[in-house]
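Work through the exercises below with the structure in view. Each task is followed by a solution in steps.

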Amino acid sequence: MSSGNSTLHRLTTADEIEAAVGRPAPMITLKEVSALDEGCRTVLARSPIAAFGYRDADGVSRTTFIGGSPGFVRVHSPTRISFAVPGGGAPEGPVSFFFLLPGVGEILRVNGVATARKGAETTVRIEQAYVHCAQAVMRSRLWQPAVRVEPAVTGISGDGPLCRPGIAEFVAAAPFLALSSWDGSGGSDTSPRGDQEAVARILDGRTLVIPDRKGNKRADTLHNLLQDNQLSFAALVPGRSGVLHGRGRCTITDDPALLETMALRGMPPQLALVIEVEDAEVRANDAVTRSRLWTPEAYLDDGPMPSLTAVAAQHLAANSAKSEGGPPALLLKVLGAIPGIDSVMRVVMDRAYRSGLRKEGYDDLGRGPRRRGFRRRRSPDDSGTANPLREVRVVEVRKETPSAVTLVLEDAGSKPRSFDFRPGQFFTLVADVGGRQVRRAYSASCAPGSARLEVTVKRVEGGGFSTHVHQHLRAGDRLWVRGPSGSFHAPPQPPEEVVLIAAGSGVTPMMSMIRTRLADRAAGDRIAMLYSSRDEEEIIFAGELARLEAEQPGRLSVTHVLSRRDGRLDANRVRHWITERAPAEGAHYYLCGPEPLMDTARDVLADLGVPDAQVHQERYSSGADPVTTVTEPQKMIVEDGGRPVGTVTVEPGQTLLDAGLAAGLPMPYSCTVGNCGECMVRLRAGKIAQNEPNCLTPQQKADGYVLTCVGCPLSEVTLDIADH
């Protein structure tokens with residue numbers, strides 16, 4: 001411990017803990033179950049986020065938040081679940097969770113053991129589950145994200161992890177955290193802690209103190225810490241998508257002088273946890289960002305949230321039938337069968353919670369957890385826009401060339417829909433890669449209107465997403481898609497003649513156009529395509545293009561150029577090919593491929609006098625993650641035509657768009673990967689970094705426009721969303 005805290009009285013025995021906290025009533029332990037029953041599975045299906053505590057292969061303790069959408073946990077059996085774990089060491093041994101339902105005070109706690117890992121997916125054997133009371137959520141007013149003014153923090157004595165940029169401010173504003181501990185016999189526990197204003201206080205640059213106020217007397221955390229004083233924690237600030245991750249060693253104290261500093265209306269906590277912090281970091285959390293926990297309008301009406309009070313009562317009734325000393329099981333079953341009893345129990349429990357909290361000194365509990373105002377969302381970031389994420393199932397991974405595969409996808413919803421788009425448009429694929437959400441844009445290569453969507457993915461050297469697709473995706477896996485997006489598409493009534501110039505995977509949107517037009521066998525339009533590939537082996541759709549050309553020779557002609565054999569396409573060869581075909585005056589030209597070839601083709605068409613309105617070009621960004629050198633949170637002010645809309649904190653490594661959406665601001669967007677320009681806004685003040693290339697033109701950049709989906713702030717920034 002820090003030298004200034006070495007004189008604190010420490011509790012070192014279970015008897016001392018029980019003397020201070022008491023023993024839990026039999027009803028508390030009778031609510032435990034050893035497997036996931038129907039009630040637990042319902043909660044897991046509806047919960048978009050969970051706190052997760054684990055230790056990696058090196059024994060490092062970690063707590064974080066996982067999920068991002070309802071049903072992120074896959075339940076394979078009553079005792080086996082799996083889920084994706086974000087970056088960090090792979091879980092080994094005992095693990096623990098608590099699952100949150102937006103607007104609900106109670107939580108579901110689950111403990112188990114990590115048994116296997118495949119890629120980012122971890123499998124856990126369930127050993128214990130039970131419902132935890134609502135006091136931590138109510139104390140923190142977690143579901144009431146009224147605009148909170150983060151308090152100014154004065155200098156912190158000493159040095160250490162808590163002196164890092166942004167840490168002290170986050171601690172001062174965080175009313176809620178998850179705390180993970182381990183016992184000496186292979187058990188783990190992650191429990192909630194909540195308090196009004198701040199749930200923890202900084203004593204110096206290395207020391208944090210958390211009050212332990214009255215609860216249900218289980219005291220699992222306290223008993224664990226007597227056996228193993230290493231712990232980890234993850235703290236939340238309502239309205240922010242960042243999480244404070246920390247770990248260290250803990251001492252339990254009942255020091256009167258220290259407890260008195262945390263008294264509420266003269267009522268000190270019963271104990272305090274004094275943590276010598278070994279590491280602390282604030283960073284954006286994908287699960288919090290995607291869950292939109294504090295954006296009620298992001299939830300679609302899909303029925304009420306499960307009643308955790310009813311789930312707890314079911315567990316109590318089942319266990320009471322097997323044991324003595326608890327309430328009669330028959331009485332519990334009779335009560336549970338009374339119509340409307342859940343609502344009555346809810347009111348009774350709320351009053352009991354609030355009465356107990358007032359006795360502890362809480363005199364402003366707000367409105368309590370909101371239930372009716374929070375509704376389940378259908379996708380990780382469906383904010384009511386016309387273009388939400390949509391869950392899909394991989395039906396087939398079809399190999400096209402040694403470096404290209406086609407993903408065949410179908411709607412995974414209960415009411416599958418067709419995929420409607422314009423030939424040439426692209427979709428944004430979203431997947432968990434290495435436990436982190438990654439998004440990439442790929443053109444549809446199939447015709448629109450089908451129950452299945454086909455996108456063709458070429459493997460890119462060093463490309464994390466394309467490598468994941470080629471090496472790990474299999475039939476039955478699930479992804480999310482957003483779309484369609486993009487203005488590169490054929491019109492509803494295409495011209496009589498279309499000229500396509502493509503290179504490499506640039507053929508994919510062209511294939512959608514070709515398949516769509518040739519499906520109408522009565523049409524008389526003509527399609528000519530100049531297609532450059534590295535060699536014959538790398539010609540994507542080679543067999544189908546040859547077949548279609550043979551079946552309809554008067555409508556489709558394809559000229560292949562193999563760069564290893566023929567050399568790269570240059571201006572003279574492009575010009576010769578076009579003039580040899582002598583397209584009609586009203587022909588439209590579609591270009592898709594590497595920028596140098598596209599620039600060459602545009603120059604040739606301009607020299608030939610083709611109007612700009614008849615030339616269409618797809619511009620791809622790299623799809624790389626935004627790069628930023630900033631390591632501390634930055635403030636983002638959003639305006640609409642100069643009128644203030646809101647202010648939000650952008651966490652280190654987080655995009656402007658993700659921060660704005662997580663805070664419920666009306667940010668325009670579509671593809672989210674820098675390809676479509678829908679998120680373009682004007683930067684009124686400050687500096688940002690954004691990855692290149694992207695779809696912004698040089699003139700748009702000169703005029704001060706930025707893309708929020710691939711931009712990160714380098715300072716405090718002001719954006720105007722009216723100029724998009």
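**Exercise 1.** In what order do the 7 strands of the open sheet stand, and is the pairing parallel or antiparallel?

Solution. The model is predicted: local features need pLDDT of at least 70, side-chain atom pairs count only at pLDDT 80 or more, and totals for chains, interfaces and linings use all residues. Residues are numbered from 1 along each chain as its sequence is written, and side-chain values use heavy atoms, without hydrogens and water.

Step 1. Strands (E, at least two residues) and helices (H or I, at least four) are DSSP runs, numbered from the N terminus; two strands pair if DSSP finds at least two bridges between them.

Step 2. The order is β2-β1-β5-β6-β7-β4-β3, with antiparallel pairing.

Step 3. β2 (61-67) and β3 (74-77) each have a single partner strand, so one side of each lacks a neighbour in the sheet.

**Exercise 2.** Find the bridge partner of Gly53 in β5.

Solution. Step 1. β1 (residues 49-55) pairs with β5 (residues 92-100) over 6 bridges.

Step 2. The partner of Gly53 is Ser96.

**Exercise 3.** Describe the salt bridge between Arg213 and Asp195.

Solution. Step 1. A salt bridge is a side-chain nitrogen of Lys or Arg within 4 Å of a carboxyl oxygen of Asp or Glu. In this pair the closest N and O atoms are 2.9 Å apart.

Step 2. Arg213 lies in the loop between β11 (207-212) and α6 (220-227), and Asp195 in the loop between β9 (188-194) and β10 (201-204).

Step 3. Buried means under 20% relative accessible area, exposed over 50%, partly exposed in between (1.4 Å probe, protein chains only). Arg213, at 11%, is therefore buried, and Asp195, at 3%, is buried.
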